[in-house]
Amino acid sequence: MKSLVLAEKPSVAKELARVLGCGQKQKHHYEGPQYVVTWALGHLVTLAEPEDYDNKYKSWNLEDLPLLPERMNLKVMKETSHQFRGVAQLCKRQDIKELIIATDAGREGELVARWIMELVKWRKPYKRLWISSQTDKAIKDGFQKLKPGKDYDNLYASAVCRAEADWLIGLNVTRALTCKYNAQLAAGRVQTPTLAIMMDREAEISSFQSKPYWTLAADLGGFQAIWREKDGHDGRVWDKAKAEQVAARLNNAKARVDKLKTSDKAEPQPLAYDLTELQRDANKRLGFSAKQTSNVLQRLYEQYKLVTYPRTDSRYLTSDMVSTLKGRLESIAVGPYTALARKALKQPLKVTRRIVDDSKVTDHHAIIPTEQYVNLSALGSDERRLYDLIVKRFIALFYPEYRYAETSVVIKAGEDLLFAKGKVARDQGWKEVYGSHTYSDEDDDETQAEPDSSSQQILPELAQGQLLTVRNARARELRTTPPPRYTEATLLGMMEKNGLGTPATRADIIEKLLGTDTIERQGNRLSPTGKGKQLMELVVDELKSSGLTAQWEQELERISKGKGDAKRFMDGIRKQTVDWVGAVKRETKEYKPHNLTHSRCPECSKPLMEVKSKRGKTLVCSDRECGYRRAAEPRLSNKRCPQCRKKMEIHEGKAGKYAQCRPCNFVEKLDGERGGGKADRREQQRLVQKYSDNETLSSSLGDALKAALMKQDNQD
């Protein structure tokens, strides 16, 4: 008798099969003496669509809403049905005694496996592989310590509630808005409150009125000091005349050191990464989007086996890992990390509660390197840079605190007070790991420092009562600035703070908002589009509330721990759905597309909208039911302008196709040549196959195409 192992992806199944000695590769599985390893392709099973309940729901009608099936049905996803059939056949084998769920060790991974089990009607025993890294050792240890499958029933219940809640609210409210306003308007349980957070920031920016203010700096011979009205004042003067008076009063004034204080301070190491913090850091340091970080991190976890489980919400390690920390440091002591890791290994590792705290770890510990041997040259550029962040953060955990002496001095010049600070490093500690690119764990462009409020300068030796002369006191004009728009890093921080989504879903929520044209990227900043702004006016206030969504997330977490009531949660979701669809139906506001053009649809004469897509700008009919669309920008050829070297546009005139560079006004006839690209190559092959008597493409494509075109001309 054998055990059937169900992995989430083919790549993971391949590695599990190798470790478990399953050498026979079949179409849908690997087989060995004890195990049969198969795989899903992400989700093989999903919640049924409205039309699966009744064919009339294929067309969207406001009168049919809300859609509230008594029992939510499952269906096999069409595009991956071949693999589902393969898995189902394996489940029916008489020699299979049990199932081992080896999908990702998290809420979504549990759902992937359980929905498959439900549709194949699995009735035999099942166990759970729960591991935090994909190394051979972790896999072998995991199979030695398989958990009873029923231990994860609550996690599955939580996953089902999350999926069904998203279906009921997202589908119903999106259909209601789209039908009511005849426009593609998407709303959701998490994405709408996230958009609301961004709209609140837009309101702050639009209502902001910039004001001038002045600061005063003075040179005291070897160091700078800032004027403040009193201790605790921020140093800003709102009246130009007053600022100039103070500057004039201070210039060449005699001053005395009134207070002098030197204190030793320490800055602890930054905590290890969870997924959200790593996404924020990668966005700030590397310019990665949250989704890009997730994808690269997944490759480091699955393909290279260099890091532990990615989708974690903890920044701490567990006590049972302490014995592995030395081995992990030894494994990463390669290339630029050799000296840094070896320095940490010279003495016994100091493991504090800042590193290990069992009470702060739920399903998975923080993201750290594995004991796997590292071949840095095998990593791509993105993997290399993200791995660098993780390794340095891990090494820094075992370095001492950064220690420095901070001297603050208060200087009196008559009735005026001048303040100065100086910092001298006593021990670089963990900052040595980062070299000149060091930064604090709390770095964030949301916390803007006051101008000239602190200084990294080194102060000269000063004594209480020492006399000084103020030189070159000057007033500097500045202006107040509005709060900045969110970057992905700061938006992820706000989502985390407001309890919106989970580390595993936040990147997808941002991508969904971008994909539905409700927000857009402007450089490294995110801002709502005109569509997003109008959507916020049309959506019911409750759905915008991050407080309500955070309550739901907390309840889902309680359900996963066996403390919540899944039925009561879903009853609340259904009631909310009814209320919100009703509110949309009663609404009297109008929706006016923000991207209407002066062009008219050739089929229904309604205005065309300009929409951004992966292939450039597209013109789409504003009537959703019409469906007309065409490219808004000319197609580019592979020919380059001989003057500016930019790709030329393809146009068609009376004399046929021609390439044009608009800036240079250079034109070149294409003589029947096509513009290149996959679509053109497919068209060329189609012509060859149609007109060349099934001539194979092994001969020159150019010759075959020429013959095909000649034959086409003759037939014409």
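How many of the 716 residues of the protein chain, as a percentage, count as buried?

## The chain as a whole

Of the 716 residues of the protein chain, 49% count as buried, where buried stands for under 20% relative accessible area, exposed for over 50%, and partly exposed for what lies in between, using a 1.4 Å probe and protein chains only. This is a predicted model, in which local features need pLDDT of at least 70 and side-chain atom pairs count only at pLDDT 80 or more, while totals for chains, interfaces and linings use all residues. Residues are numbered from 1 along each chain as its sequence is written, and side-chain values use heavy atoms, with hydrogens and water left out.

The secondary structure of the protein chain comes to 22 helices and 26 strands, which are DSSP runs numbered from the N terminus (helices are H or I with at least four residues, strands are E with at least two). Along its principal axes, the C-alpha trace of the protein chain spans about 100 × 75 × 60 Å. Among the contacts in the protein chain with a separation of 6 or more, 72% are between residues 24 or more positions apart, a contact being heavy atoms within 4.5 Å.

## Nonpolar cores

In soluble globular proteins, nonpolar side chains tend to be buried together. A nonpolar core is here a set of buried Ala, Val, Leu, Ile, Met, Phe, Trp, Tyr and Cys residues joined through side-chain atoms within 4.5 Å. The largest nonpolar core has 85 residues, and those with the most contacts inside it are Trp115, Ile116, Leu177 and Phe569. Helix 6 gives this core its largest share, 15 residues.

Leaving aside its neighbours within four places in sequence, Phe569 is in contact with Cys161, Ala165, Trp552, Glu555, Leu556 and Ile559. A second, separate core of 49 residues includes Ala344, Leu376, Ile395 and Tyr402.

## Salt bridges

Side chains of opposite charge can pair when their charged atoms come close. With a salt bridge taken as a side-chain nitrogen of Lys or Arg within 4 Å of a carboxyl oxygen of Asp or Glu, the count comes to 50 salt bridges. One of them joins the side chains of Asp153 and Arg114, at 2.9 Å from N to O. This pair links distant parts of the chain, since Asp153 is in helix 6 (residues 153-181) and Arg114 is in helix 4 (residues 107-119), 39 residues apart. Asp153 counts as partly exposed, at 28% relative accessibility, whereas Arg114 counts as buried, at 6%.

Another salt bridge is formed by the side chains of Glu202 and Arg485, at 2.7 Å from N to O. Glu202 lies in helix 7 (residues 191-207) and Arg485 in the loop between strand 16 (471-479) and helix 15 (488-497), so the pair ties together parts that are 283 residues apart in sequence. Glu202 counts as buried at 10% relative accessibility, while Arg485 is partly exposed, with a relative accessible area of 30%. There is also a network of salt bridges that links Glu108, Arg162, Asp166, Arg189 and Glu553.

At 1.5 Å a residue, the 13 residues of helix 4 should span 18 Å, and its end C-alpha atoms are 19 Å apart, which agrees; the expected span is 1.5 Å times one less than the number of residues. Just after helix 4, Lys121 takes a positive phi of about 55 degrees.

Helix 9 (residues 275-286) should span 16 Å with its 12 residues, and its end C-alpha atoms are 15 Å apart, which agrees. Helix 9 is mostly covered as well, since 9 of its 12 residues are buried. What covers the buried residues of helix 9 includes helix 10 (290-302), helix 13 (381-396), helix 15 and helix 16 (506-515). Gly287, which follows helix 9, has a positive phi, near 75 degrees.
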